[in-house]
Amino acid sequence: MDQVPSCHPGPALLAHEARVRHGPVPRELAGTAVPPGSMLLEGDTFLIRTVSGYGLFYRKGEGVTIERDPGADPAEEALWLNGSTYAAIASINGFLPFHASAVVHQGRVHAFSGPSGAGKSTLAAALGRHGLPLLCDDTLVLDVSDPARVLCLPGHKRLKLSPEAIGLTGAQAQEKVAPMIDKHYAEPAGGTVRQVLPLAGLTFLEEGEPVEFAPIAGAQRIARLNDDHYTAELFALARGEGLAQRFARIAAIAAALPMQRLTRPRDPARFDEITALVAARIKQDAAA
């Protein structure tokens, strides 16, 4: 098993940078207005203003300032802090936020990516019943300073699942995420891991028949990693990358990282069967 020094600075650094105070936030960055419903990353600063009455401002070394309108829903604060704002904090501090959920087996991380609604969180949570604890939900923060050995930081978000997903995964439901969001925070059946661990590989989830694992090869490897999710865009902005630099970074990671796609039907009646197949595949790959 790959050994990662217990003193990896990432978790403590990001926890320090994400510390919160409440107060007024600016309405612009570097002379550019940031109206409600938009965000801007400029140098070592980030500002997001929401249509629901939140403003969050981060400056490297100073933490996050949150401004909330009197009528805004307090339950949304954690969502904005742990979503776009945390992704910007990670990016500004040199860590890549990737749109994925992940589990751990024998000290290595197996991550699942795909568009919103692809079932990443549900599958990762359900794998806990097969002895594969959760590392993160929805956003996987990566240390890519060595593309040949990508490291995964433990998750900063609480697991969020729909009522149907809670029933499928055996997770323990907790409070509702927000009054207008039909999801609950949940504790996965397999627990969670709070360590920095190496990334074993990425599985991209697709819907279809038959149930099939297939390797991703050639240019498709780069295309899959060239994620158009906002987290990847924030990282490129924070690094000041042009297209050539971004391509070179992604190509270096793609050259070293195992990638596959999993095609399967989104059929609740077959969910346990498919989850068992995924768990067996992870354990088989680890034994090979």
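Buried means under 20% relative accessible area, exposed means over 50%, and partly exposed lies in between (1.4 Å probe, protein chains only). This is a predicted model, where local features need pLDDT of at least 70, side-chain atom pairs count only at pLDDT 80 or more, and totals for chains, interfaces and linings use all residues. Residues are numbered from 1 along each chain as its sequence is written, and side-chain values use heavy atoms, with hydrogens and water left out.

**Exercise 1.** Find how many salt bridges the whole structure holds.

*Solution.* Apply the criterion: a side-chain nitrogen of Lys or Arg within 4 Å of a carboxyl oxygen of Asp or Glu. The search returns 14 salt bridges.

**Exercise 2.** Describe the salt bridge of Lys157 with Asp138.

*Solution.* Step 1: the closest N and O atoms are 2.6 Å apart. Step 2: the pair links distant parts of the chain, 19 residues apart. Lys157 sits in the loop between β12 (151-152) and β13 (160-161), Asp138 in the loop between β10 (134-136) and β11 (139-143). Strands are DSSP runs of E, at least two residues; helices are runs of H or I, at least four; numbering starts at the N terminus. Step 3: Lys157 is buried at 14%, whereas Asp138 is partly exposed at 22%.
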